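Student: Could you take me through one part of this model closely, and then show me how it fits into its surroundings? I would like one connected account that I can follow with the structure open.

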Amino acid sequence: MTISIPSITLSNIGPLLTLTVAGLLLLLMDALTPKGKKGYFPYLSLIALVIAAVQTTMLWNRSGTDFARMIYVDNFAFFFYLIFLLATGLTILISIKYLEDYHRNLEEYYTLLIFATIGMMLMAAGGHLILIFLGLEILSIAIYILAGLFREDVKSNEAALKYLILGAFSSAFLLFGMAMLYGATGSLFLDDLAQAIKAGVGTNPLLLFGMGLLIVGFGFKVSSVPFHMWTPDVYEGAPTSVTAFMSVGTKAAAFAALVRIFFLVFPEIKMEWNMLLWGLAVATMTLGNVVAIAQTNIKRMLAYSSIAHAGYLLVALVAANQLGAISFLYYLVAYTLMNLGAFAIVILVARKKDDYINIYDYCGLGFQYPALAAAMSVFMFALAGIPPTAGFVGKFYVFSAAVEAGYIWLAIIGVMNSLISVFYYLRITVLMYMRPAEADLGPVTMTPAISSAVLVTAAGVLAIGVFPGPLYELALNSVKIFVGL
Amino acid sequence: MNLPILSILIFFPMLGVVLITMLSRENQWVIKWTTLVVAVLEFIFSLPIWFRFNSDTAAMQFVERLNWFPSYGISYHIGIDGISLLLVLLTTFLTPICVMACWKDIQDKVKEFMICLLFLETGMIGVFCALDLFLFYIFWEVMLIPMYLLIGVWGAPARRIYAAVKFFLFTMFGSLLMLVAILVLYFYHHKVTGVYTFDLLKIYGLQIPFQMQFWMFLAFALAFAIKVPMFPFHTWLPDAHTEAPTVGSVMLAAVLLKMGTYGFIRFNMPLFPEAAWYFVPLFSVLAIIGIIYGALVCMMQLDLKRLIAFSSVSHLGFVMLGLFTYNMAGVQGGIIQMINHGLSTGALFLIVGIIYERRHTRLIAEFGGLSTPMPIYAAIFMVVALSSIGLPGLNGFVGEFLILLGAFKVNKIYAILAASGVIFAACYMLWMFQRVMFGVVTNEKNRNLPDLSMREIAYLAPLILFIVWIGVYPNTFLDKTKASTANFVAQMERAKAPKVALVDVIKGDIR
């Protein structure tokens, strides 16, 4: 028996290595640094993220696989790396002040964020179902802990426990699905699965069953209806900065894996899953938007809004064409910016103890804090999909993809859902500008970190909304790997 | 000299916005003057498009074309023809008047108000100039935001939020379906020609099967019919008009509603000509219902602003009737009537705004005999009211006469029914005028109302000038639109509707 050692190019996983080293280093330094001198931790993590981002851009245009086909080295993965790094970076910026107010500015927080990022990257790059699963678990375990960060707070505990139990449940579905796929094809490599399906195991019930279970498993993570039950409670209970991270990071990562699997492995049997996802997309959009109208807690409102956005992203998945894939990437960038921006404002207004998280606390904000309210309006209009913001262009792409694929009714249902969403996003601007202040909000302190996060997201939302071209080209470049579309 | 004059017109107000954001909130006087200077300069900048406009051609003029997003076929393509020329000028003409009109009215949050007003101007001019469907859609939606804020923040306290949200949702509803239709059109163009483009002029050349035209026409028409507003989509209008601040009502009536009628003539009819012929009966009947219903409802109104709002429904019915005749007289009448309605109704809202400023009520019953304390006001009000009714010699007559002439050629019944709207208009307008202005002063509060100030005369005078000008010598304006209208009519003549039953269209078996 000969054991061949596969040739490995370490630079292919450079960003992952950097983050791993940084995460471990932070843990080590935590033990060695005396209390009260740990203020530089977030900045250290930011530096690690920037280095990883630079490494990613240097890898751009590499293609192929590495680590014995376990890892895809392609622009699709790199594009997602950049989304994750952006999301994590912004999360760190909005966390610092918030955690300090709670006396919970713990070093582990940053380590866990970094590990979660590594997990997300593995999900985007994984070429083997087990690797994708490992990525998901690395991500999820970090988030279970983060959700329960405020351990004296009942709601935070509830959030963590709920997420843990339901997350474990969904992981089991995912694993079972993978086992089915293995049973049907004899391999867990995405390439092999694709080959096997091309060769004609398409109608094998095992395969279809496995695919269905994958949809269930990932459906939990992207909070698509009917697997969304955990979302509002967990989003409400978790620390706001963690909610922000979950709403964009976890969703993006799960979608990255879902898109890669469906567009790479299953395009041949598109007919089998299209109608299923069509139904999921419609249900997800509609439920998210309709229930969001009734919410008065802004975190819950954003939770339902995030469900609705998962629905729009599913529309792109249903379209299953190149434009759909592009719109997917574009939408995720836009969503990352606008949702994190909105949560940054929520953190700024809520301040300590989440005192002001009712939407009526936003009354009169428009003329008390014009800059803050203007930024919030930008995010709300963007989430509602009103030009000239990134949110509009994202929806424009998504619905274009649906129309191009012939799903005109889906596009019509989608735009009608946007109309519903306008109502509750608009309500925030109504409260900010058209109602007098109900209670004294007191001073809102802007630290440089969170201000820069708000600035970056607001400017980003407008910039890629007005000039969508460059990002489109970048996304186009990233989805070329899906030859089956 | 080849300045990108339309781009300057579109973005100059934005420059004003930037300037105003940098001014201190405390200094209201400076903010107001800055806005006025910006608005007047904008009007001066817009004059060259009138003088340098070539009225012999129907082609787009002052065209600018930049690649904005080439791989998606989106370009920054703007230009105007005779139809949009008048509307652009109406916008630039009314904005400074509005700034002057809100001088005393708006004391609170002046900075934000002026920002909204200028932002709105950018959006409106953009809509009238855009020749790319994507660009058009962007401007169409963007201008919702400032108008929504104008109604919601500075409107009458009681129901402003309701009115603002209703306005926003109604318009959004229509335009989102239009967006889907635009996308369908875009992919159909690619399917036929192999080119991805949103360029309106290129899409004009497309041959679209009737079945598709049918649905696309409806999708576009819904967006525009809500904006016009045509009966039965008009319910947002009375609320929005009544609750908006004076200047908001003026802008809404004078310019925003025209975006709907403009949309019909620029997009709906030329893009889907066969369907446009097919829908003539439906839309003409809706227009006539609008004319008569609007007028009847006017008679019952207790609130001056609400009365004028419903009169808009009636007047816009005339415009729609004219456009759907597809003959020279009717369409030209429709176009000139858009301008007339902008001037007369704009002026009416300003006039009501003036007494609202003095009395803080708009109820007709509160007034009576105002001509005694306010003679100049009474005179101006009389002229404007008569122009709105359509008295010969004033602008309203020209438009309505041409429209009725055009309608008469198409269907005598339409013309006869629509003509009754003119009579009703005389009823409600003169009756209102009588109750408000004539007789003895019954309410003590009205006895010592001051007459118009110099500022108020200054901004009403230009409106009166044009009301009389169009009434006496409309050719100045009709000449500019002649070539474009002729081209439009010829275009419509080339495509007649096929004879198909509705059932077949819905079932989809037409060959």
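**A helix pair and its surroundings**

Tutor: Happy to. Let's begin where B:Phe113, B:Cys116, B:Phe119, B:Leu120 and B:Gly123 in H4(B) meet B:Pro146, B:Met147, B:Leu149, B:Leu150 and B:Trp154 in H6(B). Sorted by class, the residues of this contact are nine nonpolar, one polar and no charged. Please keep in mind that you are looking at a predicted model.

Now for the geometry of that pair. Helix H4 covers residues 110-129 of chain B, and its axis and that of H6(B) come within 8 Å, crossing at roughly 150°. An angle over 145 degrees counts as roughly antiparallel, and H4(B) and H6(B) are therefore roughly antiparallel to each other. H4(B) passes H6(B) in a left-handed crossing.

H6(B) also leads us to the partner chain. In total, 25 residues of chain B are in contact with 26 residues of chain A. On the side of chain B that touches chain A, helix H5 (133-142), helix H6 (144-154) and helix H7 (160-193) of chain B each supply at least two residues. H7(B) gives the most to that side, with 14 residues. By class, the side of chain B that touches chain A has 20 nonpolar, two polar and three charged residues.

B:Leu179 has its place in helix H7 of chain B. With 28 other C-beta atoms within 10 Å, B:Leu179 is buried, because the cut-off for that label is 20 or more. Setting aside neighbours within four places in sequence, B:Leu179 is in contact with A:Val415 and B:Tyr137, so you can follow its contacts into either chain. Also, the C-alpha atoms of B:Leu179 and B:Ala219 are separated by 8.7 Å, although these residues are 40 apart along the chain.

For another helix pair in chain B, turn to helix H15 (residues 328-359) and helix H20 (residues 475-494), which pack at an angle of about 130° with their axes 9 Å apart. That makes H15(B) oblique to H20(B), and their crossing is right-handed. From H15(B), the contact uses B:Met328, B:Val331, B:Gln332, B:Ile335, B:Ile336 and B:Ile339, while H20(B) brings B:Phe477, B:Leu478, B:Thr481, B:Thr485, B:Ala486, B:Phe488 and B:Val489. The residues of this contact divide into ten nonpolar, three polar and no charged.

Over in chain A, the axes of helix H12 (residues 298-319) and helix H17 (residues 408-434) come within 11 Å and cross at roughly 165°. That makes H12(A) roughly antiparallel to H17(A), and H12(A) passes H17(A) in a left-handed crossing. Here A:Met301, A:Ser305, A:Ala308, A:Tyr312, A:Val315 and A:Val318 in H12(A) meet A:Leu410, A:Gly414, A:Asn417, A:Ser421 and A:Tyr424 in H17(A). Their classes come to seven nonpolar, four polar and no charged.

Finally, step back to chain B as a whole. Chain B has 21 helices and two strands, and its C-alpha atoms fill a box of roughly 75 × 55 × 40 Å along the principal axes. A compact globule of 511 residues would have a radius of gyration near 24 Å, and the 22 Å of chain B agrees with that. Buried residues make up 59% of the 511 residues in chain B. Among contacts in chain B with a separation of 6 or more, 81% are between residues 24 or more positions apart.

Methods. Residues are numbered from 1 along each chain as its sequence is written. Chains are lettered from A and ligands numbered from 1 in the order in which they are written. This is a predicted model: local features need pLDDT of at least 70, side-chain atom pairs count only at pLDDT 80 or more; totals for chains, interfaces and linings use all residues. Two residues are in contact if their C-beta atoms, placed from the backbone, lie within 7 Å. Helices (H or I, at least four residues) and strands (E, at least two) are DSSP runs, numbered from the N terminus. Ala, Val, Leu, Ile, Met, Phe, Trp, Tyr, Cys and Pro count as nonpolar, Asp, Glu, Lys and Arg as charged, and the others, Gly among them, as polar. Axes are lines fitted to C-alpha atoms, for helices over the stretch in contact, and angles run from 0 to 180 degrees between N-to-C directions. Angles under 35 degrees count as roughly parallel, over 145 as roughly antiparallel, 65 to 115 as roughly perpendicular and the rest as oblique. A crossing is left-handed if the near helix is turned anticlockwise from the far one by less than a right angle, and right-handed if clockwise. The radius of gyration is taken over C-alpha atoms; the globule rule is 2.2 Å times the number of residues to the power 0.38. A residue is buried if 20 or more other C-beta atoms lie within 10 Å of its own, exposed if 12 or fewer, and partly exposed in between; C-beta atoms are placed from the backbone.
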